[in-house]
Amino acid sequence: MSTSDAHIAAGATGTPDTNGQGRAESELHDEIRRLRTELEAERDMRRKLKQKNQREKELEPYQVELLKLQRHLEEHDKKMIVLFEGRDAAGKGGTIRRVTRFMNEKHYRVVALGKPTEEQRGQWYLQKYVAQFPTAGEMVLFDRSWYNRAMVEPVFGFCSEKEHEDFLRGVVGFEKDLVRQGTILVKLYFSVTKDEQQRRFDRRRDDPLRQWKLSEIDVQAQDLWDEFTARKYEMLSRTHTNAAPWTIIRSKDKNLARLNAMRMMLDAVDYEDRDLSLDFVPDPDIVVSGAHEVELMEADRIRQGKFTV
């Protein structure tokens, strides 16, 4: 029998097709790897959801305290303003959402003003903000405030240097009068690192559910980092006062930033029925006074030759 006849005979008698068997095994291994990848992704998603729920639970006792603070404002006809300032993607909006999640909507407002109208352009700069101030028993949270004129506007050329300088000269007295007349004023600046800001921008760009958050100004924020830093230093050094101090919130860890922002708000008001079992002391790794931030920035400039914070 020839060699070819032998091969034919072997095939006829059922000798296994090793090539076909190898392909089948390879496909099986590929399917197993795919299923393992999907399973690991699902486990990772569940783990992240569990961690997120745990972090949200940590905020709940302080959200209860915020309700008590709100009731105190209502009962004593007090007015409270909280400013949320900081670079883009620093965590201001997420913190505001957690602060207000369980509040009585009748007694608080979140104000985020857009571009000024033609009428507003001809007014006293602070007028559009004063129009949004709280009435007795109300809290107003500004998602960006009159301090746009201290950072965003001069960086992007939306105001003249004279307008910028006039603002810095006048705002200190304006806030001092505001506090003297009984308004509780809390000024929070959310500080994020350049790398973390870029990571958050990348996430916004890649996530269809977050793309609406990414604006043209956001895209330019990284290129203009040093300009923003210089304006930040000038703002803090000239507008941090005993009457209206700045509080810096390190916001790389969003949950710790939110928790400590709540603590700062709660510590600003001597309200009734405070839960003394809670820790109201701000975390020194997260919370820094405006004056100390200026000192840190000046030391950084000496070491590095420029501001890097």
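**Exercise 1. Determine how arginine 34 and glutamate 38 are placed relative to each other, and which charged partners arginine 34 has.**

Arginine 34 and glutamate 38 both belong to helix 2, where they stand four residues apart, about one turn of the helix; helices (H or I, at least four residues) and strands (E, at least two) are DSSP runs numbered from the N terminus. The model is a predicted one, in which local features need pLDDT of at least 70 and side-chain atom pairs count only at pLDDT 80 or more, while totals for chains, interfaces and linings use all residues. Residues are numbered from 1 along each chain as its sequence is written, and side-chain values use heavy atoms, with hydrogens and water left out.

Step 1: recall that an α-helix has 3.6 residues a turn, so residues three or four places apart point the same way.

Step 2: look for a salt bridge, meaning a side-chain nitrogen of Lys or Arg within 4 Å of a carboxyl oxygen of Asp or Glu. The side chains of arginine 34 and glutamate 38 form one, at 2.5 Å from N to O.

Step 3: turn to glutamate 31, which also makes a salt bridge with arginine 34, with the closest N and O atoms 2.4 Å apart. Glutamate 31 and arginine 34 are three residues apart in helix 2 (residues 18-75), again about one turn.

Step 4: Glutamate 31 is partly exposed at 34%, arginine 34 is partly exposed at 37%, and glutamate 38 is partly exposed at 43%.

**Exercise 2. Work out which parts of the chain the salt bridge between arginine 109 and glutamate 138 ties together.**

Step 1: the closest N and O atoms of arginine 109 and glutamate 138 are 2.8 Å apart.

Step 2: arginine 109 lies in strand 2 (residues 108-111) and glutamate 138 in the loop between helix 5 (127-130) and strand 3 (139-143), so the pair joins parts that are 29 residues apart in sequence.

Step 3: arginine 109 is partly exposed, at 27% relative accessible area, whereas glutamate 138, at 9%, counts as buried.

**Exercise 3. Describe the surroundings of strand 4 and name its pairing partners.**

Step 1: nine of the nine residues of strand 4 (residues 183-191) are buried, so the strand is largely enclosed by the rest of the structure.

Step 2: Thr183, Leu185, Lys187, Tyr189 and Ser191 point one way, and Ile184, Val186, Leu188 and Phe190 the other.

Step 3: strands pair if DSSP finds at least two bridges between them. Strand 4 pairs in the parallel sense with strand 1 (residues 79-86) over eight bridges, and methionine 80 has isoleucine 184 as its bridge partner.

Methods:
Buried means under 20% relative accessible area, exposed over 50%, partly exposed in between (1.4 Å probe, protein chains only).
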